[in-house]
Number of protein chains: 2
Amino acid sequence: MGAFWASGYHGTSLPDLLEATKLSRGSLYAAFGDKHGLFLRALDRYIDEALTRLETELDPRNDALTGLRTYLAGYVERTSGAAGKRGCLVVATAMELAAHDAEVNQRVGRFFRVMESRLAIALSRAQAEGRLAVNVDPASVARLLLCTVEGMRVVGKTDPNRAASHAMVKTLLDRFAT
Amino acid sequence: MGAFWASGYHGTSLPDLLEATKLSRGSLYAAFGDKHGLFLRALDRYIDEALTRLETELDPRNDALTGLRTYLAGYVERTSGAAGKRGCLVVATAMELAAHDAEVNQRVGRFFRVMESRLAIALSRAQAEGRLAVNVDPASVARLLLCTVEGMRVVGKTDPNRAASHAMVKTLLDRFAT
DNA sequence: AAATATATGAACTGATCGGTTTATAAATTC
DNA sequence: GAATTTATAAACCGATCAGTTCATATATTT
């Protein structure tokens, strides 16, 4: 996973994958079929981890606005410093392969859809709890948060500035939360 | 430019470039040195066009808020339908190469910095014209707009939904503009 | 029209690509 | 401990990679 994460699909060679997996050539092909199959496995695992974290952060048993703050704070961290430069496998894959690879497109598209809908649910809860501006559509704010965090991953590639991200998130929350 | 735009740096082969440029192999190397040189030329041209458009949209001779609305409306269009699926060469390049290629990193980083600073200037003007909430920091809102539009390019790769983008931009502007 | 650049396509280079085969070594099973 | 499965490393495969060379053709210049 780390290899594809660092260099993308086309940028990762078979020797890179052997080094990363510590497997022999034969074993790798016996286990995953081919490079594309291994890539899908890595992508699935990455997405699964991200969605698991999302479920934790936006757990409906906890305060919705607090969950959203935690979610955004997580992205501030992941787009700062070395983590920022490392970037995001889903975003990199979306840009590199989504247009050419149906299996990849389906996975990336589903990831964004699930994240957007989980955000919308949390925002509706926040609104019901009187912590979100009443005259906004949770679905539109969910889209805004999704685009903002994915944009943070892009900008963080060349400017992984924690202070700027933190101030931006505060400005955003101050404007929508009550 | 179109070839790299469609398939990225590693995903574009020399035959692809010969087809796209209608040049012979010899002429291409005489003109651009190598694949990397040609890529930098394409990237520079793409960035130049984007910054030229930005200067027009945020022209200081016109109303600042109107300029920002035009800027955002442009991104709604560019992330909708076929244009959305096509994506953005800068975003794709940031994810694919910025971490490994200093020349690319410098160009992409400068592009984002310039866009962010132009947005901050326009937002300051809007605030001075009484069209932006007084208690927000233009620099932080500039960062927010930058992340939002670059995130739109990511999400638009798999969900180039004009209505969703339009509603999102309206929600954002309604909350910050007066 | 002759001489001189310039652009071209095709053959070629060495390296690397993803993927397969094979002979051997290491476990596991009986 | 013998037989059998499993994993390994390395040689090998054809294809393709980026990049070069070269002989030929096409302009351009004189």
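Me: Why is B:Lys170 called partly exposed?

Reply: In this predicted model, B:Lys170 has 15 C-beta neighbours inside 10 Å, so it counts as partly exposed. The term lies between two cut-offs: a residue is buried if 20 or more other C-beta atoms lie within 10 Å of its own, and exposed if 12 or fewer do, with C-beta atoms placed from the backbone. B:Lys170 is found in helix H10 of chain B, helices being DSSP runs of H or I with at least four residues, numbered from the N terminus. Local features need pLDDT of at least 70, side-chain atom pairs count only at pLDDT 80 or more, and totals for chains, interfaces and linings use all residues. Residues are numbered from 1 along each chain as its sequence is written, while chains are lettered from A in the order in which they are written.

Me: How do you know that the copies meet through the same surface?

Reply: Residues are in contact if their C-beta atoms, placed from the backbone, lie within 7 Å, and the contact takes 41 residues from chain B and 41 residues from chain A. Helix H9 of chain B gives the largest share of its side, 13 residues. Because 100% of the interface residues of chain B are also interface residues in chain A, the copies meet through the same surface.

Conventions:
Two residues are in contact if their C-beta atoms, placed from the backbone, lie within 7 Å. Helices (H or I, at least four residues) and strands (E, at least two) are DSSP runs, numbered from the N terminus.
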